[in-house]
Amino acid sequence: MSIWIKILLVFVSGGIGAVCRLLIELGLKTNGLWAAFPTWLINSTGCLLIGIFAGLLVGSGWSDTTKTAFTLITMTGFCGGFSTFSSFTLDCVKYFESGHLGVWIIFGTATVMVGLFACAFGYWLGQRL
């Protein structure tokens, strides 16, 4: 599979994921309690979806080309456009599953903490530019 086909698959499926995210956010704005938590709901849903997709991939007897296309469309594209948090959580699960508990704890904690501090710093910086 050429790089251009891979780019096209991610481009289209990532766009679909992003549009799905937008539609969910717009739909939740008028939905009582959920209106306060669209990001949480989207990230949780993205985590569930990437877990399902990864599980399907592991249990499949698909060819390498089919596995690559499936991964690019579902996990890299759709889930990436829908919620990048889902990719982070899948990485954490893989570290845990492979027995790398120290890496799991450090990676998980460092990603959340650095992300929070980077966002806060960027927010602060953006207000001063």
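The legends below walk through several close-up views of this predicted model.

A few ground rules come before the views. Residues are numbered from 1 along each chain as its sequence is written, and side-chain values use heavy atoms, with hydrogens and water left out. In this predicted model, local features need pLDDT of at least 70 and side-chain atom pairs count only at pLDDT 80 or more, while totals for chains, interfaces and linings use all residues.

View 1. You're looking at five helices and zero strands, in the order α-α-α-α-α along the sequence. Helices (H or I, at least four residues) and strands (E, at least two) are DSSP runs, numbered from the N terminus. Along its principal axes, the C-alpha trace spans about 50 × 40 × 35 Å. Of the 129 residues, 22% count as buried; here buried means under 20% relative accessible area, exposed means over 50%, and partly exposed is in between (1.4 Å probe, protein chains only). The protein exposes about 8600 Å², and carbon and sulfur atoms supply 75% of that. Those areas come from the Shrake-Rupley method with a 1.4 Å probe; for residues, only the protein chains shown count as cover. Now for contacts, meaning heavy atoms within 4.5 Å: among those between residues at least 6 apart in sequence, 58% join residues at least 24 apart.

View 2. H3 runs through residues 64–82, and at 1.5 Å a residue its 19 residues should span 27 Å. The end C-alpha atoms are 25 Å apart, which agrees. (The expected span is 1.5 Å times one less than the number of residues.) Look for a kink of about 30° centred on Leu72; the bend at a residue is the angle between axes fitted to the seven residues ending there and the seven starting there. Leu72 is also one of the buried residues of H3, a list including Phe70, Met75, Phe78 and Phe82. Their cover includes helix H1 (3–28), helix H2 (38–59) and helix H4 (84–97).

**View 3. Thr74, tucked into H3.** Thr74 sits in helix H3. With 10% relative accessibility, Thr74 counts as buried. Leaving out residues up to four places away in sequence, Thr74 touches Phe53 and Cys79. Thr45 is 29 residues from Thr74 along the chain, and 13 Å separate their C-alpha atoms.

**View 4. Helix H4 and Phe88.** Buried along H4 are Ser86, Phe88, Thr89, Leu90 and Cys92, which pack against H2, H3 and helix H5 (101–128). Zoom in on Phe88, which is buried at a relative accessible area of 14%. Beyond four places in sequence, Phe88 touches Phe107, Gly108, Thr111 and Val112. Phe88 and Thr111 are 23 residues apart in sequence, but 8.3 Å apart in space, C-alpha to C-alpha. After H4 comes Gly99, with a positive phi near 85°.

View 5. How many salt bridges does the count come to? The count comes to one, using this rule: a side-chain nitrogen of Lys or Arg within 4 Å of a carboxyl oxygen of Asp or Glu. In this view, the side chains of Arg21 and Glu25 meet in a salt bridge (3.1 Å, N to O). Arg21 and Glu25 are about one helical turn apart, because they are four residues apart in helix H1. An α-helix has 3.6 residues a turn, so residues three or four places apart point the same way. Glu25 is partly exposed, at 23% relative accessible area. Asn43, found in helix H2, is buried at 17%. Setting aside neighbours within four places in sequence, Asn43 is in contact with Arg21, Ser83 and Phe85.

**View 6. A nonpolar patch on the surface.** Ile3, Trp4, Ile7, Leu8, Phe11, Val12 and Ile16 form this nonpolar patch, with about 790 Å² of accessible area together. Patches are made of residues with over 30% relative accessible area and no salt bridge: like charges are joined within 9 Å, and nonpolar side chains (Val, Leu, Ile, Met, Phe, Trp, Tyr) within 5 Å. Ile7 belongs to helix H1 and is partly exposed, at 43%.
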